[in-house]
Amino acid sequence: MKNGTSLSKEQREALPASARAEAAAWVARLHSSDRTQEHESGFRRWIEADVAHAAAFKIATEAWELGGSIPANRSRG
């Protein structure tokens, strides 16, 4: 991951599935055209509630960024 904050495979796998799922939802909400101040406030509360949330969010953000670099018309062949 960026900034030298990569997690080992074991650390990633140790994150609760609920934190990973919530992080993915937050990434999508924060990138949405429907993003609101309430979303941002809720995100700040969520990320500050548990260190696992920040780690999960970093992973979800990296996945979002990687996904965005794949061309939409990429062949599956």
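This is a predicted model: local features need pLDDT of at least 70, side-chain atom pairs count only at pLDDT 80 or more; totals for chains, interfaces and linings use all residues.

Trainee: Which residues of α3 are buried, then?

Mentor: Those are Glu40, Gly42, Phe43, Trp46 and Ile47. They lie on the same side of α3 because the arc they cover around the axis is only 165°.

Trainee: What do the buried residues of α3 pack against?

Mentor: Their packing partners are α2 (17-31) and α4 (51-68).

Trainee: How do you know what span is expected for α3?

Mentor: Count 1.5 Å a residue and you expect 18 Å for residues 37-49. From first C-alpha to last, α3 reaches 18 Å, so the span is close to the expected one.

Trainee: Why is histidine 53 called buried?

Mentor: Its relative accessible area is 12%, and buried means under 20%, so histidine 53 qualifies. Histidine 53 sits in helix α4 and touches Ala19, Glu22, Trp46 and Ile47, leaving out residues up to four places away in sequence.

Trainee: And which residues does tryptophan 46 contact beyond four places in sequence?

Mentor: Ala19, Glu22, Ala23, Trp26, His53 and Phe57.

Trainee: Which residues of the largest nonpolar core touch the most other members?

Mentor: Out of 14 residues, Ala23, Phe43, Trp46 and Phe57 do. At least two residues of this core come from each of α2, α3 and α4.

Conventions. Residues are numbered from 1 along each chain as its sequence is written. Side-chain values use heavy atoms; hydrogens and water are left out. Helices (H or I, at least four residues) and strands (E, at least two) are DSSP runs, numbered from the N terminus. Buried means under 20% relative accessible area, exposed over 50%, partly exposed in between (1.4 Å probe, protein chains only). The arc is that of the directions from the helix axis to the C-beta atoms. Contact means heavy atoms within 4.5 Å. A nonpolar core is a set of buried Ala, Val, Leu, Ile, Met, Phe, Trp, Tyr and Cys residues joined through side-chain atoms within 4.5 Å.
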